[in-house]
Amino acid sequence: AVLTSVGPSDLYTGLDYARTTTAGSPSAGDNVINGADGEILFYKGSAYASQLAHPYTITMTNADGSTLTRGMAVVVAGTNSVKRSASSVTDYTFFGIVHDATIANTAAGQIAVRGVIADLPVYSAVSVAPAGSYLQGPTTGRDYCLVDRDTPDSAYGTAYIGQVLQPVSNESYTVTVAAYIWR
């Protein structure tokens, strides 16, 4: 199957962040990140239970001009193609994260647009960030998403694309973590 005329808003409309604390009166589908082990728990009518959110990927062609590697945030570059973000990523430009180890220039590969991604390279700009900390799209000059210690449970900024599922404690380094991408 081929998707056409799909924009970023089509992929994340209705998606939401994972809470870092349980809701006082949970509803079916509410979720929480278990800070002890990084599991995402979903409320299933009477209790929270574990449910793996496998990554949802889309096959796209690399139009960047160079090889893309796992964890790079990409934007739409044309019909069924993506390229590396050249500047800060916002909800209007972000498309997904390279899921394959590498995608050679002009080759097709898997781009993750939501779900849990294991072994995801991210850049940490904070000395300590707990499980559930937000991921922002890369800032200008960086290829990887940025870990943000901010974890509000009521709203998220336009640059947030997901959350880390384990604590991060290496400031100013690219680290590998499990992450939940929700747009």
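**Strands and cores in a predicted model**

User: How many bridges join strand 4 to strand 7?
Analyst: This is a predicted model, so let's start with its strand pairing. Strand 4 covers residues 56–62 and strand 7 covers residues 81–84. They run parallel, and the number of bridges joining them is two.

User: And which residue is the bridge partner of Asn62 in strand 7?
Analyst: Asn62 belongs to strand 4, residues 56–62. Across in strand 7, its bridge partner is Val82.

User: Do strand 6 and strand 7 run parallel or antiparallel?
Analyst: Strand 6 spans residues 73–78, and four bridges join it to strand 7. One spot to look at is Val75, which stands opposite Lys83.

User: How many residues does the largest nonpolar core have?
Analyst: Ile97, Leu120 and Val147 are among those with the most contacts inside it. Strand 8, strand 10, strand 13 and strand 14 each give it two or more residues. Apart from it lies another core, with Met72 and Tyr144 among its twelve residues. The count for the largest one is 19.

User: At what distance from the ring centre of Tyr56 does Arg114 lie?
Analyst: A search of the whole structure for aromatic pairs comes back with zero. Tyr56 does have a charge over its face, though, from Arg114. The distance to the ring centre is 5.4 Å.

Terms used. Residues numbered from 1 in each chain as written. Predicted model: local features only at pLDDT ≥ 70, side-chain atom pairs only at ≥ 80, totals over all residues. Heavy atoms only, no water. Core = buried A, V, L, I, M, F, W, Y, C linked by side-chain atoms within 4.5 Å. Buried < 20%, exposed > 50% of the residue type's maximum accessible area, 1.4 Å probe, protein only. Phe/Tyr/Trp six-rings, centres within 6.5 Å; stacked < 30°, edge-to-face > 60°. Lys NZ or Arg CZ within 6 Å of the ring centre and 35° of its normal.
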